[in-house]
Structures are given as structure tokens and as C-alpha cells.
Amino acid sequence: MLKGSGGNIGVLVGNDGTLVVDDQFAPLSNKINGAIKTINPADIKFLVNTHLHGDHSGGNDNFARMGVTIVAHDNARERMSMESTARNGQKNPPRAKEALPVITFPDKISFHLNDEDIEVIALDKGHTDGDVMIHFKKANIYHMGDAYVRYGYPFIDASNGGSFVAFINSLDRMLAVLDDNSRVIPGHGEMATKADVKAFRDKMVDIRDQVTAALKKGKKVEDITAMGITDKYDTEWGGGFVKGKILSSWQQKISKQRCR
């Protein structure tokens, strides 16, 4: 696992060539390539994007020019090829043709190299609608992208197909395949364990259930953010760019629809 200014990078090296998971921002590509080559000088053959966001795929065009084959979910390529909306409302133009993944898939794709079996598995439409989980089967290591993070409250990118409910569904899918010896690379933050993922999931479920219960009792949607549902998590999670009241407001819209 390599850390830097964007999402965590996963690297598998060996005589068959190097496979990389995510590539952070474009200005860092040469530095990232150099760091990977200090681990193993073999050519980078494959680059897997966990989703479309620029802090995970911003260097795609640079690595493509190095001869690397880029792989991602069908929806990630589709989203990259059209105008997108950032979380601050800013409109971003479509990505350059060179940045687009050249191999895509709807459900699952497998790699077999360096005596390792790697499965790239589509998750539910949680963080975005193109999230994938990468499983290095023999090593028992999982790269989750931003479907699991350790910087605080997660970002649900509704403008790119994300959903609070589906985010929790993806966490449940992760927990179903992890064991106590699994090592988890989050999209951001330190290496994690199954217990860490479960603790994160349980907090998300608690927020969801409290919002849903309040709406069923007749609370107005506009009152949800003032209820303090996330206050008990703010000490641990409140330092990130997503605040608890924002997360509650995302959930209230979903819960209102589900309660009708």
C-alpha cells in the first residue's frame, strides 16, 4: 500500500509485471511511477480504478501513455466520458480519451499473475455507481476504494449514482467475505481489519435507523438535521470534509422515500 495526496494505492509486483490499484492525481504520476519502480523495476501492466474520482484516477492518461492497460467498472468509464459535478457543485468536463479505461466489466473480472489470483468485484451503488472491491485471494488482502474509508463520515456522491442505503449494503457484502485475518486497504487512511469495517458499518446503520425511526414517528424531513443524531460520532468522525448533519440530510431524503 502506497500513501500520498490522494487515495491509497495498492501494488502487486512480480516477474509477470506489476498491477496497480488507483493512481491519485495527474501531477503525481511520475513520482508514483518512480516509487513503484523502487519496489520492483518490472513494467506496470495493469491499472485498476476503484471508481471515477480524480484522487483515485487522475493519473490515468499519464499511465496510459506509459503503456499501462486501465481497467474499471462499466459505469466508471461511462461517468468519466461525460461532464460531471463535483461535491462543491463545480462542473467538470469529460475526461480525455487517454484517461478512459480500455477494459470494463459489469460484475466481476479476474487477473492471474505473479502467482496471485485477483478478483475485481462490483459493489452496490454506494459511494458511486461504479465502485469495485479488489481481492488478492492468496494474500487475503482487499482494496476497498472509497466504499470504505477511515477519514470520518463517508462521502455519498449522489451526482454520480451514490446512495446511503447502497453504501451500507456494500459494507455488508464486504463483511460477508472478510475473515479475522484479512487485511483491508481503505480508500483513505491506515490499513484496517474486519473488526474496523464492522465498527464503521455499525455506526452507519445506527444513523440510518435513527433517521428512519424519526420519520416514521412523524418528524418533518427538515427537522432531522437538528436532532443531533450524529453528535456522538462527531469527536471521532467530525474532522473530515463531510459533517454529520450533512450525512443525516442525505439519509433523510432516502428514508422519506422508503417510508412512503
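These notebook entries record what I looked up on a hairpin and on aromatic pairs in a predicted model.

**Basis.** I number residues from 1 along each chain as its sequence is written, and side-chain values use heavy atoms, without hydrogens and water. In this predicted model, local features need pLDDT of at least 70 and side-chain atom pairs pLDDT 80 or more, while totals for chains, interfaces and linings use all residues.

I took helices (H or I, at least four residues) and strands (E, at least two) as DSSP runs, numbered from the N terminus. Strands pair if DSSP finds at least two bridges between them. I found S8 (residues 108–113) paired with S9 (residues 116–122) in the antiparallel sense, over six bridges. Ile109 stands opposite Val120 in S9. Two residues lie between the strands of this hairpin, and Asn114 in the turn has a positive phi of about 55 degrees.

**Aromatic pairs.** Rings of Phe, Tyr and Trp (its six-membered ring) pair if their centres lie within 6.5 Å; planes under 30 degrees apart are stacked, over 60 edge-to-face, the rest tilted. I counted six aromatic pairs by this rule. Phe46 and Phe111 are edge-to-face, because their ring centres are 5.0 Å apart and their planes stand at 65 degrees. This pair joins Phe46 in strand S3 (residues 44–48) to Phe111 in strand S8, 65 residues apart.

**Burial.** I call a residue buried under 20% relative accessible area, exposed over 50%, and partly exposed in between (1.4 Å probe, protein chains only). Phe46 is partly exposed at 21%, whereas Phe111 is buried at 7%.

**Cluster.** I noted one aromatic cluster formed by Tyr148, Tyr153, Phe167, Phe200, Tyr233 and Trp237. Tyr148 is buried at 2%, and Phe200 is buried at 4%.
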